[in-house]
Amino acid sequence: MKIQYVCKDVPLSPAMQEALEGKLGRFDRYFRTTDEVDCTVTLMIHQDKKTLEVAISSTNGFNLRAKTTDLDFYAALDLVIEKLDGQMRKLKTQLDRSHKKGSFVDNLLLESIPADDSLDLEIVRKKKLSLAPMDVDEALARMDALGHSFFIYLDSSTGSVNVLYERQDHGYGLIEIEK
C-alpha cells in the first residue's frame, strides 16, 4: 500500500507517521496485490480540533473512506481505523450474501475480513424515475425544493445521467456518468 500524506496547517511528526503506518498497515492483509492500492491521509487543524481523513482506493474499483474530528490526533486515528474496519466487515457481509464476485473482489482476501452478521440489509422501498432533460441550475433548484440531499437528472447539454448531491461542507458536488 502506497501512503500519501496531505497536511494542512499541521506538521506531521515522525511519531504520528509511525502510528499511521502501523495502524493502516493491517489493511494490507485484505489485498492480494498491494502495489495497486493507494492510501491518502489528510490531516487538518481547525479551532484546535484535528481532522483526519483516510481514503483507500485501488485501480480495480475498491474504495474506502473515513473522516473523523477529535481534540487528540491519536483518538481521531483510532476512530478512523474503527470506521474503516466497519466498512470492510460490511463489504464482506454484502458480498457473502450476494454470492457474486466483482472485479475488485478477486484482489481481496475475504477470509481475512471479519464478518459483520449484525447487518440486516433489505430493500424496503423501490422507486422508478423518469428523467426529464434539464441543466444543473434547474436540478439544483428542484433538489432544494424537494429538501433532498441528492438529485438524479438527465443533463440537457450532454444527454448523460448526472447525480447532484450536497456535501458535508454544505457545498454541492456533481457526479457525471460517462457512457
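This is a predicted model: local features need pLDDT of at least 70, side-chain atom pairs count only at pLDDT 80 or more; totals for chains, interfaces and linings use all residues.
**Entry 1: T42.** T42 has a relative accessible area of 11%. The cut-off for buried is under 20%, so T42 counts as buried. I placed T42 in strand β2. I then checked what T42 touches, skipping residues up to four places away in sequence. I found V6, K8, T51, L52 and E53.

**Entry 2: the partner of β2.** I followed β2, residues 37–46, to β3, residues 49–58. The two strands pair in the antiparallel sense, over 10 bridges.

Entry 3: I turned to helix α1, residues 14–24. Helix α1 packs on the sheet and touches β1, β2 and β3. I noted its direction at about 140° to that of β1.

Entry 4: I traced 4 strands in an open sheet, in the order β1-β2-β3-β4. The pairing is mixed. Which strands stand at the edges? I found β1 (2–8) and β4 (63–70) there. Each has a single partner strand, so one side of each lacks a neighbour in the sheet. Neighbouring strands are turned by 10° against each other on average, direction ignored.

**Entry 5: K49.** I went back to β3 for K49. Is K49 buried, partly exposed or exposed? Its relative accessible area is 41%, so K49 is partly exposed. I left aside neighbours within four places in sequence and listed its contacts: M44, T69, D70 and L71. I also checked the spacing of K49 and L71. They are 22 residues apart in sequence, yet 4.5 Å apart in space, C-alpha to C-alpha.

Terms used:
Residues are numbered from 1 along each chain as its sequence is written. Side-chain values use heavy atoms; hydrogens and water are left out. Two strands pair if DSSP finds at least two bridges between them. Axes are lines fitted to C-alpha atoms, for helices over the stretch in contact, and angles run from 0 to 180 degrees between N-to-C directions. Contact means heavy atoms within 4.5 Å. Buried means under 20% relative accessible area, exposed over 50%, partly exposed in between (1.4 Å probe, protein chains only).
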